[in-house]
Amino acid sequence: MHIGIDQLEFYAPSTYLDLTELADARQVDPNKYLIGIGQSQQAVIPVTQDVVTMAANAASRVINDENRNKIAMVLFGTESGIDHSKSAAMYLKRLLQLPDNIRAIELKQACYGATAGVQFARDYVALHPEQQVLVVGSDIARYGLKTPGEVTQGGGAVAMTISAEPALLNLDDVSTFRSEDIMDFWRPLYRTEALVDGRYSENVYIDFFKAVWANYQSQTNRHIRDFEAFAFHLPFTKMGLKALRAVLPEASEQQQSQLMTNFEASRVYNRLVGNLYTGSLYLSLRSLFDQATLKPGQRIGLFSYGSGAEGEFYSGTISDKFDVEASKAWFDHYFANRTQVDVATYERLFKQQLPNHDVLLDTRQDDARFVLAGIKHDQRQYVDREA
Ligand code: COA
């Protein structure tokens with residue numbers, strides 16, 4: 001029996017910032033952002049979207065009348081949680097009208113949370129092949145105005161169903177992981193912006209990738225020649241390029257060029273959206289599926305990294321049912337219909353945070369199906385415009 005990723009959908013708000021304009025405003029050479037960081041645009045998140053609404057906007061496209069009653073668990077990866085106690089998964093479960101005989105849980109370990117979800121889901125489906133698990137990664141990446149991390153902001157959500165005989169990726173049995181208590185990136189409870197030791201986090205990311213890749217090879221006896229492509233966690237797309245370059249010398253010259261071509265395919269969407277934290281690896285996987293030319297049976301390697309730090313390498317093969325036309329069309333439409341905001345508007349939206357008292361928000365500018373309409377009696381008020 002194959003188990004793996006059956007559906008993989010994405011949502012981010014329709015407003016975005018062009019990073020050439022940001023470079024001009026910050027008096028930086030635009031090529032530093034476009035080439036040195038590897039980002040061209042970033043999603044700008046309005047106050048009427050949070051991790052719950054973004055997750056609902058993505059997940060409503062993978063839940064339908066056919067699979068609603070098969071979902072056994074909702075595993076919600078995020079590091080931008082909205083409550084210290086109640087999980088974002090519980091709100092999501094209600095918004096998606098999922099049945100009550102379900103587990104709904106939030107998973108946190110920086111950008112690694114959704115990968116924990118995928119692995120837990122795979123184990124569950126192995127025991128309960130008739131059921132499915134909804135795994136979500138939803139985040140808002142905030143570093144602060146005029147900080148070095150500003151160019152690596154972004155936000156959005158991915159939603160996946162993990163099932164038996166999946167339509168996209170059949171997961172291999174072996175995955176290798178590593179964890180170490182370090183301080184490369186963190187966000188204390190009293191802060192709305194992350195703290196990061198950028199260079200250190202880049203170095204740890206590469207060290208973790210090399211360690212879990214070596215461990216994977218020794219456990220499976222597979223080598224780089226067994227891989228058609230790699231998908232990486234992409235806090236900014238240059239990070240994935242650095243990781244790929246760390247293993248490229250293991251490949252023949254011809255394979256190096258094919259891995260580079262597929263890497264370019266894997267960063268098309270991330271370059272235009274920015275960092276999704278938990279969702280980044282999976283947006284990159286979606287980009288690879290849609291933008292590369294892949295065939296059933298080809299093997300993809302996935303590297304997940306969450307600062308603090310947890311790293312995992314796992315792999316899967318393209319399913320016989322693999323078809324990407326609908327997803328490509330969705331992304332073409334999405335990118336063609338976004339609204340660019342100037343730097344002044346981005347800064348205003350960035351500062352417009354939810355107050356810690358009751359408020360009614362103006363949702364007229366937000367075209368999403370699920371929106372945050374305000375706070376009443378300290379409870380977030382979510383609206384499904386199609387209900
Ligand atoms: N043209 C092309 N490249 C240029 C350039 C130009 N005009 N100017 C600079 N660059 C390159 C630099 O050489 C450097 O490349 P390298 O990383 O290959 O050495 C890159 O652009 C970044 O420049 P640098 O001066 O190091 O950037 P910075 O000090 O502003 O910080 C980060 C960059 C990535 C460290 C910072 O944005 C950050 O901390 N981001 C968050 C990281 C993160 O998310 N970590 C946690 C998750 S893994």
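**Salt bridges in the predicted model**

At 17% relative accessibility, Glu347 counts as buried, where buried means under 20% relative accessible area, exposed over 50%, and partly exposed in between, for a 1.4 Å probe and protein chains only. Before I continue: this is a predicted model, in which local features need pLDDT of at least 70 and side-chain atom pairs count only at pLDDT 80 or more, while totals for chains, interfaces and linings use all residues. Residues are numbered from 1 along each chain as its sequence is written, and side-chain values use heavy atoms, with hydrogens and water left out.

The side chain of Glu347 meets that of Arg26 in a salt bridge, at 2.7 Å from N to O; the term denotes a side-chain nitrogen of Lys or Arg within 4 Å of a carboxyl oxygen of Asp or Glu. This pair links distant parts of the chain, 321 residues apart: Glu347 is in helix H12 (residues 343–351), and Arg26 is in the loop between helix H1 (19–25) and helix H2 (30–37). Helices (H or I, at least four residues) and strands (E, at least two) are DSSP runs numbered from the N terminus. Arg26 is also buried, at 16% relative accessibility. A network of salt bridges links Arg26 and Glu347 with Glu150.

I turn now to Arg369 and Glu386, whose side chains form a salt bridge at 3.5 Å, N to O. Arg369 lies in the loop between strand E15 (359–360) and strand E16 (370–376), and Glu386 in the segment after strand E17 (379–384), so the pair ties together parts 17 residues apart in sequence. Arg369 is partly exposed at 29%, and Glu386 is exposed at 60%.

In total, the structure holds 18 salt bridges.
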